[in-house]
Structure formats: structure tokens, C-alpha cells
Amino acid sequence: MKVHNADIVISAVSPAQYPDTDLPEIALAGRSNVGKSSFINTLVDRRNLARTSSKPGKTQTLNFFIIENALHFVDVPGYGYAKVSKTERAKWGKMIETYLAEREQLKSVISLVDLRHAPSVEDVQMYQFLKYYDIPVIVVATKADKIPRSKWNKHISVIKKALDFDEQDEFILFSSVTKQGKEEAWAAIEAAMVRP
Ligand SMILES: Nc1nc2c(ncn2[C@@H]2O[C@H](COP(=O)(O)OP(=O)(O)OP(=O)(O)O)[C@@H](O)[C@H]2O)c(=O)[nH]1
Ligand SMILES: [Mg+2]
């Protein structure tokens, strides 16, 4: 998709604030700093639509972006951010779970993992949570530019094994630096958007 129009709609903390439309939604989940906001910016060709930061924990609300009046991207706060209190983290967890488990127009979740590392316990929990709720997943392995091409396959197998990856789901190597995987990601998103 060539994007001409992209805007933030709302930063929501509760269902009452979710946009009241039937547009298909694609959510982005992954641990803090994995590159969720960068992924959105790359897909929509904007430098800073979704705010990125080298400081983890930047995104703390469910941020809804409207793209071409055709879909919403929902930037979900990164999990596993250590400097947040337990109560705060439980609150985020609940907010994210409520959204993922109950949102009717959610078509797919893009689960981002860092290609450089084995998935964290929380990465595995998130993937298994999505499988439990039968939500189609697009796994995006970010920061591919930081791993030499000759080692990609090895890293991919480590990730798939740890997640117990379902080959029905999509797996895309991605870099917001080289834009590798951008077209593949759009193809997977467009396929998810038209699913009933
Ligand atoms: N080299 C490289 N750096 C990346 C890539 N994607 C993101 N980064 C960097 O990683 C850092 C975190 O990126 P964000 O997009 O803000 O991460 P996030 O997942 O939105 O983080 P939170 O909002 O804290 O949950 C930034 O410094 C980005 O520039 C990538 O594909 N390659
Ligand atoms: Mg972010």
C-alpha cells in the first residue's frame, strides 16, 4: 500500500476511548525497544508519526493510527520494561489483554521480536496468548540490518523453535533501516484486512 494519509486518532487507555468505527485493525505487540513505532513509521513512509525513542517505554497507551481511511494500526505499549512498577505493569497488561481478547475488528497482530536475540519469556507468552485466542499472527523479526545475512537462518530457527511457531502464520524479516521486509509486511497486512 502506498500511504498518502496517516494520522494519530487517539491514545486510549480504556475501551470507551477506542475509535467507534468498523475499520479493520492491525495491532503491533512486542517488548519495549523492539521497534514497533519504527515499524509503523517505515510502513507509512513517515519519519516520526509513531514516536520512537532509544529510551524504552516510550509508548504507554494504545495509540490508534488511521491509514488511508482504510485501516487502523494500533501501537501497543512494549512489555518487559523493567523500570515500571509492578502495579503499573499489571495495569498495562490488563489494558493490552482486554484490547487483544475483545476487539471485534482486530484482524491480526504483528508480533515483533528482535532478530538478534532468542525470544524472551514474554515474547513466547504473547505469541501463545494470541494462538489461544485464535488471532492470526504476523511475526516480524526486527533489526535484521544488525545481523550478517549468513546468520539470518540460524537466528530464524532459534526464534521459531522458542515460539513453537505455527507455520500457518507469517514470518517476516524486517529492518526499518534498510526497509527490508516492507513490501512483504504490507502484503501480509492487506491479506489480513480482507479476512472475515
Ligand atoms: N538498527 C536498527 N535499529 C532499529 C530498528 N528498528 C528500531 N530501531 C531502533 O530501536 C530503538 C527503539 O525503537 P522504537 O521503534 O522506538 O521501539 P518501540 O518498540 O516502539 O519501543 P517502545 O515504544 O518503548 O515500546 C530506536 O532507537 C530505533 O531507532 C531496525 O530495524 N534496525
Ligand atoms: Mg513505541
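Where is the place of Asn-5? Asn-5 lies in the segment before strand E1 (6-12), where helices (H or I, at least four residues) and strands (E, at least two) are DSSP runs numbered from the N terminus. This is a predicted model, in which local features need pLDDT of at least 70, side-chain atom pairs count only at pLDDT 80 or more, and totals for chains, interfaces and linings use all residues. Residues are numbered from 1 along each chain as its sequence is written, while chains are lettered from A and ligands numbered from 1 in the order in which they are written.

**Overall fold**

- The protein has five helices and seven strands, and along the sequence they follow the pattern β-β-α-β-β-α-β-α-β-α-β-α.
- The radius of gyration is 15 Å, close to the 16 Å that the globule rule gives for 196 residues, so the protein is as compact as a globular protein of that length. Here the radius is taken over C-alpha atoms, and the rule is 2.2 Å times the number of residues to the power 0.38.
- Along the principal axes, the C-alpha atoms fill a box of roughly 45 × 40 × 35 Å.
- Of the 196 residues, 38% count as buried; that takes 20 or more other C-beta atoms within 10 Å of the residue's own, against 12 or fewer for exposed and anything in between for partly exposed, with C-beta atoms placed from the backbone.
- Among contacts with a separation of 6 or more, 72% join residues 24 or more positions apart, a contact being two residues whose C-beta atoms, placed from the backbone, lie within 7 Å.

**Helix H3**

- H3 (residues 121-132) has twelve residues and reaches 16 Å from its first C-alpha to its last, close to the 16 Å expected at 1.5 Å a residue; the expected span is 1.5 Å times one less than the number of residues.
- Its buried residues are Asp-123, Met-126, Tyr-127 and Leu-130. Seen down the axis of H3, they fall within an arc of 95 degrees, so they line one face of the helix; the arc is that of the directions from the helix axis to the C-beta atoms.
- The face turned away from that buried side carries the exposed residues Val-121, Gln-125, Gln-128 and Tyr-132.
- Cover for the buried residues of H3 includes strands E2 (25-30), E5 (106-114) and E6 (137-142), along with helix H4 (152-163).
- H3 is followed by Asp-134, whose phi is positive, near 60 degrees.

**Back to Asn-5**

- Asn-5 is exposed, with 10 other C-beta atoms within 10 Å.
- Not counting residues up to four places away in sequence, Asn-5 touches Glu-68 and Asn-69.
- The C-alpha atoms of Asn-5 and Ala-70 are separated by 10.0 Å, and the two residues are 65 residues apart along the chain.
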